[in-house]
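Look at the model below before reading on. The paragraphs that follow go through its parts in turn.

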Amino acid sequence: MSWITDTLGSSIGKKLLMSLTGLFLILFLVIHLIGNLSIFSGDGGLAFNSYAVFMTSFPLIKAVSYLLYFSILLHAFYAFMLWILNRKARPVRYAVEHANQNSSWASRSMTLLGSLIFIFLIMHLKDFWWQFKFGGGYEFEIDANGNRDLYKLVILQFQYTYVVIAYLIGLTALAFHLWHGFQSAFQTLGLNHDRYTPAIRFLGILYAVVVPLGFASMPVYIYFFMK
Amino acid sequence: MEKERTYTLKIWRQPNANMKGAFKTYKVEDISPGTSFLEMLDILNDQLSENGEDPVHFDHDCREGICGMCSLFINGRPHGPDEEITVCQLHMRVFKDGAKITIEPWRANAFPVIKDLVVDRSAFDRIVQAGGFISVNTGAAVDANAIPIQKVNAELAMDAAACIGCGACVAVCKNASAMLFTAAKVSQLALLPQGDIERKERAMKMVAQMDAEGFGACTNTGACSAECPKGIDLSVIARMNREYFTAKVTT
């Protein structure tokens, strides 16, 4: 047991956990985006509603979802521990710093960005996941297929200006977090080579732009074009 | 002959490790643009001595960019503005006439201030002592060409060995992390056949010592590599991580 705690408790071990959970969350976001895009299928939400039922009842997906909750909490917990450790490493700060000359803003702001994403996530889960799984006060209608109409709730939520703005802020934070986080996860794993690192960096930037934009398209489109 | 310049210096003064420090402002005049930064400080110290004041203490030794002693955080960057240089290679022509220059010591929990701008970097020595060596019996030196080494590995090992242990990586890192230093020392030996025998033990012991010294963890911001006077590449950190993981799962 001490071998595991020694390894995962070291500075590199903590980063390993950040990297692995981060990559798992990156993988999840793609699935989440593809599934959610069924909102645009133009069938009044039938496809989206049956997708929601599938995601919450299919055993394999259910099992993976527990791994997902665990990954989010582990990622956040270890981020907090590293933040404390890293602050302790420099008790006296500099009077003058020109960090923009040697590193990107996103890379220096991962804790801030992560905290924003965490707050956004709580709000996001409360809006939909909590309502759908535990019934947080919203009475679901039943669609033509006999499924609870989550689609309708999504449309209702995104009529509020403040909800849309909050989502856009959350997704912007996500974009910057991924901008650095994607390639950083591979570097931590020790995967850095002239042959493939440029490809990883390119893919990371592409991912950090396309995925948050894809998510943002939903609240924005619904807010302006669907009543 | 270029016109001589005047500067306002804001320098961290601290009598010893236990006493509180503070910034003090000084003025230097008639500095020619060709003066090196350390020579400018020498001129200031001559002034201070003549006035009976305690001169500003700072580390320096070879003054040709290879010893790694000079350790000043100048205007928000280790070794000041300009790329891939140490402070002794920094010249006053970089600073405009009348400029205000802030000089601070390296700031890290693992690098306590001894006096003024001098910090204790023996934490680096202890990291190297933990495993940054190869164990060979003494005797007649082996022929340098007796052990075949791939050209590419020899080059990469040499790139890592360029590290002079100045501590700029720690100084600039937002986490005061010593990953670039430790990774350079792990890399230079891991790439060579002579270092292969102890490579697993080395990676584990050096990382453990690095953590014990109170350095932070790595956020992969790349600031260390950007400010390294020897341009050590970030890929050495990836190599150290690989060495560490491999060592941990195979021993």
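Which residues does Cys169(B) touch, not counting residues up to four places away in sequence? They are Ala178(B), Leu180(B), Phe181(B), Cys224(B) and Cys228(B); two residues are in contact if their C-beta atoms, placed from the backbone, lie within 7 Å.

This is a predicted model, in which local features need pLDDT of at least 70 and side-chain atom pairs count only at pLDDT 80 or more, while totals for chains, interfaces and linings use all residues. Residues are numbered from 1 along each chain as its sequence is written, and chains are lettered from A and ligands numbered from 1 in the order in which they are written.

Cys169(B) belongs to the largest nonpolar core, which has 79 residues. A nonpolar core is a set of buried Ala, Val, Leu, Ile, Met, Phe, Trp, Tyr and Cys residues joined through C-beta atoms within 7 Å. A residue is buried if 20 or more other C-beta atoms lie within 10 Å of its own, exposed if 12 or fewer, and partly exposed in between. Cys169(B), Val170(B), Leu180(B) and Ile237(B) touch the most other members of this core. Its largest share, eight residues, comes from helix H5 (residues 179–190) of chain B; helices (H or I, at least four residues) and strands (E, at least two) are DSSP runs, numbered from the N terminus. Another core, of 14 residues, lies apart from it and includes Met110(A), Phe176(A), Leu178(A) and Phe182(A).

Ser225(B) sits in helix H8 (residues 223–227) of chain B. Why does Ser225(B) count as buried? Because Ser225(B) has 20 C-beta neighbours inside 10 Å. Leaving out residues up to four places away in sequence, Ser225(B) touches Leu180(B), Ile232(B), Asp233(B) and Leu234(B).

Chain A has nine helices and zero strands. Of its 227 residues, 28% count as buried. The C-alpha atoms of chain A fill a box of roughly 60 × 45 × 40 Å along the principal axes. Among contacts in chain A with a separation of 6 or more, 78% join residues 24 or more positions apart.

The two chains meet where 39 residues of chain B are in contact with 34 residues of chain A. On the chain B side, strand S5 (100–104), helix H7 (199–212), H8 and helix H9 (235–250) each supply at least two residues. H9(B) gives the largest share of that side, eight residues.
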